[in-house]
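Colleague: I am new to this structure and would like to learn how to read it. Could you take me through some of its features, one at a time?

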Amino acid sequence: MNNQLKGVIWLLIASLGFSMMGLFVKLSGDLPIVQKSLFRNIVGMILPLYFVYKYKTKLFGSLINQPLLMMRSLFGLLGVLLNYYTIDKMILSDADMLNKLSPFFTILFCAWFLKEHIKRYQFISMLFAFFGSLFIIKPSFNVDMYVALIGVLGAIFAALAYTTLRVLGPKEQFFTTVFYFSFFSTLILIPLTYFQFEIMTSEQVIYLILSGVFATLGQFGLTIAYQHAAAKDISIFFYSTVLFSAIIGLIIFNEIPDLLSFIGYFIIFSASYYMFKRAKQVQ
């Protein structure tokens, strides 16, 4: 098995992990978003601790990298909270596809903040992706549209987190970054949860623990995948999350996206595929 195939397999595992995370977040019912996210991050701290201990690295990274680690954690936390909100309010596959706009926003932010040049094919892909998102958002100025816009905002914050990670690069081990994010988020969420806390059933507790387990699986799968192969060679397979989410939504929640959503999926996926193929040609 070559490295590219390993990367694809790990990316598919990551995609399934994030889809299962969405399932258990939705199954946990009508609980405050901060309470749901707190469980994810508490679980998310445990596995990285094993790697920190095994490789005897600094738990919170280097002092010089603290501003970047904090920015990555803050942006990541906001992205997660907004994504959880849309998962609760929208069809699972719709929420997931809006979250998949983050790579396009990442290109924009890297151009603005890191002075990376946007290639013509990237710009064309972004325009088509944003056009496709309108079919999912369905501008009508009702409650559903505002929920969808919150989903787009979640993708923007996720992109800011990814841009910060790009600056961090190899400066910190991936498990240190994951632990820092989960620890930072837990510190922020504990007081917020205290004021909004709702008593949970044992079933809800299990669902939230499982959401944290699968979110951590997704984080590690994503990281390992890009260690085996370049993003330009495998990134398109991350869109399998939408397929997994659509299947889960249909089987568990009897959710069927409407025709406009399917058109949006097709346009955004096509834009991503075009960018993926052109990136391979350029490299």
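**Reading the model**

Modeller: Start with the lining of the largest cavity, which by class has 3 nonpolar, 6 polar and 1 charged residues. Keep in mind that this is a predicted model.

Colleague: How does one find such a space, and how many cavities of 30 Å³ or more are there?

Modeller: Rolling a probe the size of a water molecule over the atoms shows where empty space is left. Here a search of the whole structure gives 1 cavity of 30 Å³ or more. The largest cavity holds about 70 Å³ of space.

Colleague: Which residues line the largest cavity?

Modeller: The lining consists of Arg40, Asn41, Gly44, Val178, Phe181, Ser182, Gly212, Ala215, Thr216 and Gln219. Two or more of the lining residues come from each of helix H2 (33-55), helix H8 (174-196) and helix H9 (202-228). H9 gives the largest share, 4 residues.

Colleague: One of those lining residues is Phe181. Which charged end sits over the ring of Phe181?

Modeller: That of Arg72, 4.5 Å from the ring centre. There is also a case with a lysine: the charged end of Lys26 sits over the ring of Phe253, 5.8 Å from the centre of that ring.

Colleague: Now the open spaces. How much space lies in the second largest pocket?

Modeller: About 220 Å³. Its lining has 15 residues, and the closest to the pocket centre are Met90, Asp94, Ile136, Lys138 and Asp144. Helix H6 (120-137) and helix H7 (143-168) are the elements that give two or more residues to this lining. The largest share, 4 residues, belongs to H7.

Colleague: What is the make-up of the second largest pocket's lining by class?

Modeller: It has 7 nonpolar, 3 polar and 5 charged residues.

Colleague: Lys138 was named among the residues closest to the pocket centre. Where does Lys138 lie in the chain?

Modeller: Lys138 lies in the loop between H6 and H7. Its phi is positive, about 55°, although Lys138 is not a glycine. Because its relative accessibility is 25%, Lys138 counts as partly exposed.

Colleague: Which residues of H5 are buried?

Modeller: The buried residues of H5 are Ser102, Phe104, Phe105, Thr106, Ile107, Leu108, Phe109, Cys110 and Ala111. The cut-off for buried is under 20% relative accessible area. By that scale Ile156, at 23%, counts as partly exposed. Ile156 lies in helix H7.

Colleague: Let us turn to the rings. How many aromatic pairs does the count come to?

Modeller: It comes to 22 aromatic pairs. Among them, Phe51 and Phe220 are stacked, with 5.5 Å centre to centre and 25° between the planes. Phe51 lies in helix H2 and Phe220 in helix H9, so the pair ties together parts that are 169 residues apart in sequence. Both Phe51 and Phe220 are buried.

Colleague: What of the pair formed by Phe269 and Tyr273?

Modeller: Phe269 and Tyr273 are also stacked, at 6.4 Å centre to centre and 15° between the planes. They are 4 residues apart in helix H12 (residues 259-282), so about one helical turn separates them. Phe269 counts as partly exposed at 37% relative accessibility. Tyr273 is partly exposed too, with a relative accessible area of 40%.

Colleague: Which residues do ring pairs link into a cluster?

Modeller: Tyr50, Phe51, Tyr55, Phe175 and Phe220 are linked in this way.

Key:
Residues are numbered from 1 along each chain as its sequence is written. This is a predicted model: local features need pLDDT of at least 70, side-chain atom pairs count only at pLDDT 80 or more; totals for chains, interfaces and linings use all residues. Side-chain values use heavy atoms; hydrogens and water are left out. On a 1 Å grid over the protein atoms alone, a cavity is a set of points where a 1.4 Å probe fits but cannot get out, and a pocket is an open set with protein on both sides within 12 Å along at least five of seven lines; lining residues have an atom within 4 Å of a point. Grid points are joined across faces, edges and corners, and a volume is the space filled by probe spheres set on the points. Ala, Val, Leu, Ile, Met, Phe, Trp, Tyr, Cys and Pro count as nonpolar, Asp, Glu, Lys and Arg as charged, and the others, Gly among them, as polar. Buried means under 20% relative accessible area, exposed over 50%, partly exposed in between (1.4 Å probe, protein chains only). Rings of Phe, Tyr and Trp (its six-membered ring) pair if their centres lie within 6.5 Å; planes under 30 degrees apart count as stacked, over 60 as edge-to-face and the rest as tilted. A charge sits over a ring if NZ of Lys or CZ of Arg is within 6 Å of the ring centre and within 35 degrees of the ring normal.
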